[in-house]
Amino acid sequence: MFSSYFIAAVFGAVLALAGPTTRQCGTHISDTEIVAAERHYRQHRIPASFTPMGQVATSNPTLNVHWHVIHKDDTVEGGAVTDEAIASSIDVLNKAYLNTGISWNLVNVSRVNNADWFNKVGPSNSAQTTMKKALRAGGPADLNIYSVGFGSSGGLLGYATFPTSYKGSPLDDGVVILHTSVPGGTAENYNEGQTLTHEVGHWVGLYHTFQGGCNGVGDQVDDTPPEASPAYGCPAGRDTCKKDNLPDPIHNFMDYSYDSCMNEFTPGQVTRLQGQMRTYRDVSFAEAGSDLQIA
């Protein structure tokens, strides 16, 4: 019906020893695909007030995380992400999602020595499909993270599936990130763990803030100002859609800024991701969660 992935776009950045020189996530989902996805969402959306069989959620969800470390050898440089770096990544994720109503609990770490997967996995290719079919664990609300090297997709930091894709391709579901983007990694400017925050943002149903530019269908969230293109670095005061007299949301986790520049989801994004998770991942939130605000 529409893309399972944001398809990786190549911006011409060179993969240096320290890592990507700009943030590169899969960046393309067409306005036509978004229209189809949003039509389906409107038709099937489960509202915050819905209580299946009268069951009212008394607390917000803690979702299970399964981390799959794909490495080509037993060195950190070869992809053997340490337990400490994984724990730090989950801490960063929980801090970023603190006011969304979702918390994350690491339940399993698997380690697979497979140089082909480490180097060749990329959006929609056969290597990633084989990898996920072999390793994915849990149901629609289980977050599966795969850390790889992206050797043949130079410069890529990560990609993810949408909640809407789960029903049709459950084994494809998950988030794939560059192993050097974890806290303390060697991906300069992208080694504080926010690549995972960003990709999980897609997994919970958020688009990029620059989706559609100034005049397209946008990210379906009213309180994220439109922007003509991704923000790189941390360009304070940037305003690429001057008609709204609002600065670009360069601090938003769903832009392309440096990790150090990212620090927020908007209340509108919280409302959207909760709706997406209720509708497509069978996740219930406590009543207060429908009105959570970002501090």
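Which residue in strand 4 is the bridge partner of Leu63? In this predicted model, the partner is Trp104. The protein chain has six helices and seven strands. Helices (H or I, at least four residues) and strands (E, at least two) are DSSP runs, numbered from the N terminus. From the N terminus on, the elements run β-β-α-β-α-β-α-α-β-β-β-α-α.

**Ground rules**
- Residues are numbered from 1 along each chain as its sequence is written, and side-chain values use heavy atoms, leaving out hydrogens and water.
- Because this is a predicted model, local features need pLDDT of at least 70 and side-chain atom pairs count only at pLDDT 80 or more, while totals for chains, interfaces and linings use all residues.

- Five strands form an open sheet with mixed pairing, in the order 4-3-5-7-6. Two strands pair if DSSP finds at least two bridges between them.
- Strand 4 and strand 6 (158–160) stand at the edges with a single partner strand each, so one side of each has no neighbour in the sheet.
- From one strand to the next, the twist averages 20°.
- Strands of a sheet pair through backbone hydrogen bonds, either parallel or antiparallel.

**Strand 3 and its partners**
- Strand 3 (residues 62–71) is mostly covered, with eight of its 10 residues buried. Buried means under 20% relative accessible area, exposed over 50%, and partly exposed in between (1.4 Å probe, protein chains only).
- Strand 3 and strand 4 (residues 103–113) run parallel and are joined by 10 bridges.
- Strand 3 also runs parallel to strand 5 (residues 143–148), with five bridges joining them. Here Val69 has Ser147 of strand 5 as its bridge partner.
- Strand 5 pairs in the parallel sense with strand 7 (residues 175–178), over four bridges. Val148 has Leu178 of strand 7 as its bridge partner.

**Helices on the sheet**
- Strand 3, helix 2 (residues 83–96) and strand 4 make a right-handed β-α-β unit. Right-handed means that, with the strands pointing away from the viewer, the path from the first strand over the helix to the second runs clockwise.
- Helix 2 lies across strands 3, 4 and 5, running at about 150° to strand 4. Axes are lines fitted to C-alpha atoms, for helices over the stretch in contact, and angles run from 0 to 180 degrees between N-to-C directions.
- Helix 4 (residues 126–135) packs on the sheet, touching strands 3, 4, 5, 6 and 7. Its direction makes about 130° with that of strand 5.

**Helix 1**
- In helix 1 (residues 31–44), the buried residues are Ile34, Ala36, Ala37, Glu38 and Tyr41.
- The buried residues of helix 1 pack against helix 6 (267–281). Contact means heavy atoms within 4.5 Å.

**The cores**
- The largest nonpolar core has 33 residues. A nonpolar core is a set of buried Ala, Val, Leu, Ile, Met, Phe, Trp, Tyr and Cys residues joined through side-chain atoms within 4.5 Å.
- Trp67, Trp104, Leu143, Val200 and Val204 have the most contacts inside this core.
- Helix 2 gives the most to this core, with five residues.
- Leaving aside neighbours within four places in sequence, Trp67 is in contact with residues including Ile86, Leu106, Ile145 and Ile177.
- Apart from this core lies another, of 18 residues, among them Trp117, Val121, Tyr146 and Tyr159.

**The whole chain**
- Buried residues make up 52% of the 295 residues in the protein chain.

Key: The expected span of a helix is 1.5 Å times one less than its number of residues.
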